[in-house]
Amino acid sequence: MKIAVIGQSLFGQEVYCRLREEGHEVVGVFTVPDKDGKADPLGLQAEQDGVPVFKFPRWRAKGRALPDVVAQYQALGAELNVLPFCSQFIPMEVISAPRHGSIIYHPSLLPRHRGASAINWTLIHGDKKGGFTIFWADDGLDTGDLLLQKECEVLPDDTVSSLYNRFLFPEGVKGMVQAVKLIAEGKAPRLPQPEEGATYEGIQRKETARIDWDQPAEAIHNWIRGNDKVPGAWTEACGQKLTFFNSTLSTAGLEPEGEDLPIPGAHRPGVITKAGLILFGNDGRMLLVKNIQLEDGKMIPAAHFFEKVESSALELTEEELGTAEAVRGAWKRILPSVPEVDESTDFFKSGAASVDVVRLVEEVKELCDGLELENEDVYMATTFGDFIQLLVRRLRGGDKETECAIDYVEKAVNKLTLRMPHQLFIGGTFVDAEGGKTYETINPTDGSALCQVSLAQVSDVDKAVAAAKDAFENGLWGKISARDRGRLLYRAPPSPSTRRDPTGT
């Protein structure tokens, strides 16, 4: 089938590639104009494949389709328009032109959340089910007949990014390809959208993302996670505008012990703890925020809010200066519109988007021999100077957490002194059980007591489960790629049991 792809982004690129793999002929790609000298991934891929690419800044003027634009489209002879994440308004002269019409991907279960920011509103409203819809385009706003829908569970701590990356992107690509197959086979349904349950909310903007504190904790959490990364949910506190990111309701075992952060309008002051910023709803329940963006744009871990910012810059060695120049080259490649990358160049103010964050992290890892680096690090150090300082500290090992303190029990055995930890290990720290309760661990050879070991209580188990859940969902291991996990495993020294010759002796 002859297909015109109208859209943008990595999602559009992936749909385009999969359609070509399925044997369809993409006769033309219509994407957005280059931004800051950078082509959209969809257009870039099509150009590399020799497929005609069109980058119209607009399709119509004063409500009417531009004749030359429509003529260029019609000359391609498309039998179907496929619109994956298309942000432009396409005139009906183009939508209705192909024999099979046009299909559009929308990241919600229509008719709920018609319009822009659908993923954000799914989270803000606390929907327990999310998903995507592929529908037949009409002259309304996401009101066309339904072709295909797929749903998923929305987890309590899902963000726009996690929901998109876990389900809406991979399953959405498959869904678009499946929809085209159904059309080609003459099996595609056209189910009228119901009006019952239909909602429409406008695009989220910074000025409307202020937090309303007169709500339960879950509603505040939903507002923060629904605005995560863009535009960011904010409040006024300590004489400035603070924007909160990375919110979680997983607070089991956390104690609101730390320095109070007064927040006008909140029912209780927030509390800066070693785990982050604890906030309270009007129901008395807690939520936890991991990152705070200050009014000057700098992102910091919430746990460090009251700490003094490191003011002394590291003096770089010759080798580190060479690394800095190599990283500067990566910034220049990603930010082609910036004449010169200097210490004050801000990655995001220079036009970078989330896809550029992924690219930067991957390039820096290659330059720094697999250095452990996360996307979040780029948001924490947005200027080139701060980013280099972060990298150098990380490379020197000075950015690590303090060494874990262990209270060992020592015992002499066969002329050797054995050192054994005897406390509970929860959240990366050795701690006593609640109430200091212990039990004896027995030497099976003679029945003597080796030492007193902490006896975990129900509350200790709750804390351990909460810490394990947080590590699984938010820890470094779950965020890094499979390739980087493999690299780290290969670096790990073999255990004594594996250090044997082929005979096993």
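## Salt bridges overall

A search of the whole structure finds 19 salt bridges. A salt bridge here is a side-chain nitrogen of Lys or Arg within 4 Å of a carboxyl oxygen of Asp or Glu.

The model is predicted: local features need pLDDT of at least 70, side-chain atom pairs count only at pLDDT 80 or more, and totals for chains, interfaces and linings use all residues. Residues are numbered from 1 along each chain as its sequence is written, and side-chain values use heavy atoms, with hydrogens and water left out.

## Glu-79 and Arg-99

Glu-79 and Arg-99 form a salt bridge through their side chains, at 2.8 Å from N to O. The pair links distant parts of the chain, 20 residues apart. Glu-79 sits in the loop between α3 (67-74) and β6 (80-83). Arg-99 sits in the loop between α4 (92-95) and β7 (102-106). Helices (H or I, at least four residues) and strands (E, at least two) are DSSP runs, numbered from the N terminus.

Arg-99 has a relative accessible area of 62%, so the residue is exposed. The classes are buried (under 20% relative accessible area), exposed (over 50%) and partly exposed (in between), with a 1.4 Å probe and protein chains only.

Arg-328 pairs with Glu-325 in a salt bridge, with the closest N and O atoms 3.1 Å apart. Both residues lie in helix α9 (residues 318-334). They are three residues apart, about one turn of the helix. Arg-328 is buried because its relative accessibility is 13%. Glu-325, at 46%, is partly exposed.

Arg-333 and Glu-363 also meet in a salt bridge, at 2.7 Å from N to O. Arg-333 lies in helix α9 and Glu-363 in helix α10 (residues 354-367), so this bridge ties together parts that are 30 residues apart in sequence. Arg-333 is partly exposed at 45%. Glu-363 is buried at 18%.

## The Lys-55 network

Salt bridges with shared partners join Asp-34, Glu-47 and Lys-55 into one network. Where is Lys-55 placed? Lys-55 is in the loop between β3 (53-54) and β4 (60-61). Its relative accessibility is 24%, so Lys-55 counts as partly exposed.

The side chains of Lys-55 and Asp-34 make a polar contact of 2.7 Å. A polar contact is a pair of N or O atoms within 3.5 Å; within protein, one must be able to donate a hydrogen and the other to accept it, and residues adjacent in sequence count only if both atoms are side-chain atoms. Lys-55 and Asp-34 are 21 residues apart in sequence and 7.8 Å apart from C-alpha to C-alpha. A polar contact of 3.3 Å joins the side chains of Lys-55 and Glu-47. Leaving aside neighbours within four places in sequence, Lys-55 is in contact (heavy atoms within 4.5 Å) with residues including Thr-31, Val-32 and Pro-33.

## Domain 2 against domain 3

The domain assignment, automatic or from a database, gives domain 2 as 206-304 and domain 3 as 323-396. Their C-alpha centres lie 27 Å apart. Six residues of domain 2 are in contact with four residues of domain 3. The two domains bury about 550 Å² between them, 50% of it on carbon and sulfur atoms. Buried area is the accessible area (1.4 Å probe) that two parts lose on being put together, summed over both.

Across this interface, the rule finds zero salt bridges. On the domain 2 side, strand β16 (residues 299-301) gives the largest share, three residues.
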